[in-house]
Amino acid sequence: MHQRDFDPELLRDRVRLIEDTGVDDIWVVEDAGFGGGVATAATVLSHTSTIGVGIGIMPSLARNAMYAAMELAALCRLYPGRLTAGFGHGMQDWMADLGALPRSPLQALDEVMTGVRRLLAGESVTVAG
């Protein structure tokens, strides 16, 4: 796992070394106040050729399903079969600070994950939740 507080400027060289050791995949972290998971995953993907990259986890309450799907679709098309995206309900204190704390974090998580899956499958999605 690429630690969230690791200097992003060193990421390119670090992941090349990791790939050279034969590691199958690397996970990047998305936490408030640190580098974004999508940008970090894109960097890893662009500087390696074989390892899989996981984003763990994107807080669904801070992301719009359409924009998350757009970002993930672009990475999946650019690097087929190498990306795994994780979603979670996020740290509740952080989500409250963002003004993104719904009545039911699990329902909101389900709505975002369902929306992203459907969008990635090419469906149109309308949600009122």
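Predicted model: local features only at pLDDT ≥ 70, side-chain atom pairs only at ≥ 80, totals over all residues.
1. Two strands are taken to pair if DSSP finds at least two bridges between them, and strands (E, at least two residues) and helices (H or I, at least four) are DSSP runs, numbered from the N terminus. On these terms the structure has an open sheet of three strands in the order β1-β2-β3, with parallel pairing. The edge strands are β1 (25–29) and β3 (83–88), each of which pairs on one side only. Averaged over the sheet and with direction ignored, neighbouring strands are turned by 20° against each other; axes here are lines fitted to C-alpha atoms, for helices over the stretch in contact, and angles run from 0 to 180 degrees between N-to-C directions.

2. Residues are numbered from 1 along each chain as its sequence is written, and side-chain values use heavy atoms, with hydrogens and water left out.

3. The pairing can be followed strand by strand. β1 and β2 run parallel and are joined by five bridges, and the bridge partner of I26 in β2 is V53.

4. How enclosed is β2 by the rest of the structure? Six of its eight residues are buried, so β2 is largely enclosed, where buried means under 20% relative accessible area, exposed over 50% and partly exposed in between (1.4 Å probe, protein chains only). Leaving aside its neighbours within four places in sequence, V53 is in contact with I26, A41, V44, L45, R82, L83 and T84. V53 and D24 are 29 residues apart in sequence, and their C-alpha atoms are 8.9 Å apart in space.

5. One backbone feature deserves a careful look. The peptide bond from G56 to I57 is cis, with omega near -15°, and I57 is found in strand β2. Most peptide bonds are trans.

6. S60 is found in the loop between β2 and α3, and is buried, with a relative accessible area of 1%. Not counting residues up to four places away in sequence, S60 touches F87, G88, H89, A108, L109 and V112.

7. Two pockets can be described, a pocket being, on a 1 Å grid over the protein atoms alone, an open set of points where a 1.4 Å probe fits, with protein on both sides within 12 Å along at least five of seven lines; lining residues have an atom within 4 Å of a point. The largest pocket holds about 260 Å³ of space, a volume being the space filled by probe spheres set on the points, which are joined across faces, edges and corners. Its lining has 12 residues, of which A65, E111, V112, V125 and V127 lie nearest its centre. Both α3 (65–78) and α5 (105–120) supply at least two lining residues each, and the largest share, five residues, comes from α5. By class, the lining of the largest pocket divides into seven nonpolar, four polar and one charged, with Ala, Val, Leu, Ile, Met, Phe, Trp, Tyr, Cys and Pro counted as nonpolar, Asp, Glu, Lys and Arg as charged, and the others, Gly among them, as polar.

8. The second largest pocket has a volume of about 200 Å³, and is lined by E30, D31, A32, I57, P59, A62, G90, M91, W94, M95 and L98. The elements that give two or more residues to this lining are β2 (52–59) and α4 (92–98), and α4 gives the most, with three residues. Eight of the lining residues are nonpolar, one is polar and two are charged.

9. Two residues of helix α5 may be set side by side. E111, found in α5, counts as partly exposed at 25% relative accessibility, and lies 9.9 Å from L61, C-alpha to C-alpha, at a sequence distance of 50 residues. R117, also placed in α5, is exposed, with a relative accessible area of 54%. The C-alpha atoms of R117 and G99, 18 residues apart along the chain, are separated by 25 Å.

Methods. Contact = heavy atoms within 4.5 Å.
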